[in-house]
Amino acid sequence: MEPIRILIADDDPGMLLMMRKLIARAEDYQLVGEAQSGEELLALYEKFTPEVVLMDVEMPGMSGIDCARVIQDKDPKAVLVFATAHEQYMKSAFEVYAFDYLVKPFPVERALNTLRLIRERLRESAAAQAVTTRPRPREAPSRLMLKSRDGLSFVDIEDILLVQREERQTVIYTVNDGRYVTSEGLSELEERLPANMFFRTHKSYIVNIDQIESVTPYGRWTYIVRLCGTKRDALITHERFDELQKLFS
């Protein structure tokens, strides 16, 4: 299995050295780049698209929180870990769905444990995506019209499995590996989809409730939603997870 690509960022060279040694001790990780500012971090992220980013909050230029917002819009499944000397940014960090928040000086074993948990979650997700379930037949589905740069597309609503933000655009995944890109925002589509069939699990995801296979822990405040009939899955926040449970109770 390919190693997990990780990018690190901190304006303190000593801290970068410590992060580098930490990753060298962690199993199945490959360091792809080091940044000392927010702008450099985003440039390296665009170049390498790593699965994991370990970063400081206070850096020259853009802060780690600002960088996290940009990364989240590009790939909501990117795993973000903050390492900072300041506890006051914790709330903001988890608002951008950070996997963990390490307060300097943190024990090495604490950080290694976080990397181990991330590895386990990513490997579990990869294994789950290798298995698909045949979708059940649909009867007389209604249609959804989608606008894109290439014109119009029409999708059977009941065939929609997942709607997500991806590479700063909205993508719809359907049964039988269908994929549609639209210029509409996620909130616009949410208003057009039946509320009794679709659930907004996260700022970047809408899922078909009937196609949820399982929900399992992911980060400190998030879970992974497995969907039937697709290799795709979605994130769900702790608050939305509680709401989802109420729908089925």
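Mentor: In this predicted model, a residue counts as buried under 20% relative accessible area, as exposed over 50%, and as partly exposed in between.

Trainee: Is glutamate 46 buried, exposed or partly exposed?

Mentor: The relative accessibility of glutamate 46 is 41%. Buried requires a value under 20% and exposed a value over 50%. Glutamate 46 therefore counts as partly exposed.

Trainee: How many residues apart in sequence are the parts that arginine 168 and glutamate 46 tie together?

Mentor: Arginine 168 forms a salt bridge with glutamate 46, with the closest N and O atoms 3.5 Å apart. Arginine 168 lies in the loop between S8 and strand S9 (169–174), whereas glutamate 46 lies in helix H2, so the pair joins parts separated in sequence by 122 residues.

Trainee: Which residues are linked with Glu46 in a network of salt bridges?

Mentor: The structure holds 22 salt bridges. One of the pairs is arginine 168 with glutamate 46. The network that includes Glu46 also contains Lys74, Glu167 and Arg168.

Trainee: In which helix do lysine 91 and glutamate 95 both lie?

Mentor: Lysine 91 and glutamate 95 form a salt bridge, their closest N and O atoms being 2.4 Å apart. Lysine 91 is exposed, at 61% relative accessible area, and glutamate 95 is partly exposed, at 42%. The two residues are 4 residues apart, about one turn, and both belong to helix H4.

Trainee: Is serine 204 buried or exposed?

Mentor: Serine 204 lies in the loop between S11 and strand S12 (205–208). Among the residues it touches are Gln72, Pro76 and Leu186. Its relative accessible area is 3%, so serine 204 is buried.

Conventions. Residues numbered from 1 in each chain as written. Predicted model: local features only at pLDDT ≥ 70, side-chain atom pairs only at ≥ 80, totals over all residues. Heavy atoms only, no water. Buried < 20%, exposed > 50% of the residue type's maximum accessible area, 1.4 Å probe, protein only. Contact = heavy atoms within 4.5 Å. Salt bridge = Lys/Arg side-chain N within 4 Å of Asp/Glu carboxyl O. Lists of a residue's contacts leave out its neighbours within four places in sequence.
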